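Keep the viewer open as you read.

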Amino acid sequence: MPKLHRRLSLAVASILSCVALSPLMATANAVENPQSSGEASNAELDSGVEAELGQFWDSYNVPSEQQKDLLEKLENGVRWDSFGKNAEPVLSEEQDSAAESVTVNRFADGSISVESISKPTGLNEGISTRSVKDCRVVSDNNGTQRQTGCHAQVNLGVISMGFYFDKITSPGALGRVTNQYGEHNHIIGGALGNHRLQKFNDQTVRYSADFDVAFRGFPVGWTAWMQVNLGQGNYAYTTNN
């Protein structure tokens, strides 16, 4: 994944009209109710966990002192700000690359969430080294494009979630998701169950799963989710809890 970029989110790549955004954001901000089952993990942080988290934080320039504080929080069962209910980042950074849009949201305690969505590649450009992670344009009829293999992901360090989707886009019209598949996750010190990949409408698809086991202080039994939201044309972004 490239370093910092911000949202095609990944976040605000262009400004949509209030009329277009209102119904979309209402769905995007919906939060599932927490579940009550599950147990906290007694596993302590080992060198492998610390190394994996350190590599993630180093990739996005999280200061070493904040990294130490975040590891202490994790060991002591104190939830990071990035997992706080209704938590707002103190800073959001964007950087585009040819392959994807990335948004890095930074929270007061140094924790981060990294959101990414792949960008479409043009017709007849051959096989990309990024393979299926590319959002490939497979047809273009007077600006109306059919795109396949688009990838979206949100990474908070201890957990990352993502999936692939196909879509149809037209200038000045809301994009439409035509297929969603290939959901995936990576979690440190825990486990996820009851995975769901749900399409709420043509613009909104959510991947959610429940924490079966988690570090102390983290929301055991809580439903983690990330979703893709399509706007006008090629505008798209992710949201998560």
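In this predicted model, Glu93 and Arg106 form a salt bridge, with 3.0 Å between the closest N and O atoms. The pair ties together distant parts of the chain: Glu93 belongs to strand β2 (residues 91–96) and Arg106 to strand β3 (residues 100–106), 13 residues apart. Is Arg106 buried or exposed? With a relative accessible area of 14%, Arg106 is buried, because anything under 20% falls in that class.

Side chains of opposite charge can pair when their charged atoms come close. The structure holds six salt bridges, so let's visit some others. Asp81 meets Lys73 through their side chains, at 3.7 Å from N to O. Asp81 has a relative accessibility of 28% and therefore counts as partly exposed. Which residues make up the network of salt bridges that includes this pair? Lys73, Asp81 and Asp109 are linked in it.

Another stop is the salt bridge between Asp202 and Lys199, where the closest N and O atoms lie 3.4 Å apart. Asp202 is partly exposed at 34% relative accessibility, and Lys199 is also partly exposed, at 34%.

Select Phe165 and look beyond its neighbours within four places in sequence: its contacts include Thr148, Gly149, Cys150, His151 and Ala152. Phe165 is also in contact with Val177, Asn179, Gln180 and Tyr181, as well as with Val228 and Leu230.

Methods
Residues numbered from 1 in each chain as written. Predicted model: local features only at pLDDT ≥ 70, side-chain atom pairs only at ≥ 80, totals over all residues. Heavy atoms only, no water. Contact = heavy atoms within 4.5 Å. Salt bridge = Lys/Arg side-chain N within 4 Å of Asp/Glu carboxyl O. Buried < 20%, exposed > 50% of the residue type's maximum accessible area, 1.4 Å probe, protein only. Helix = DSSP H or I, 4+ residues; strand = E, 2+ residues; numbered from the N terminus.
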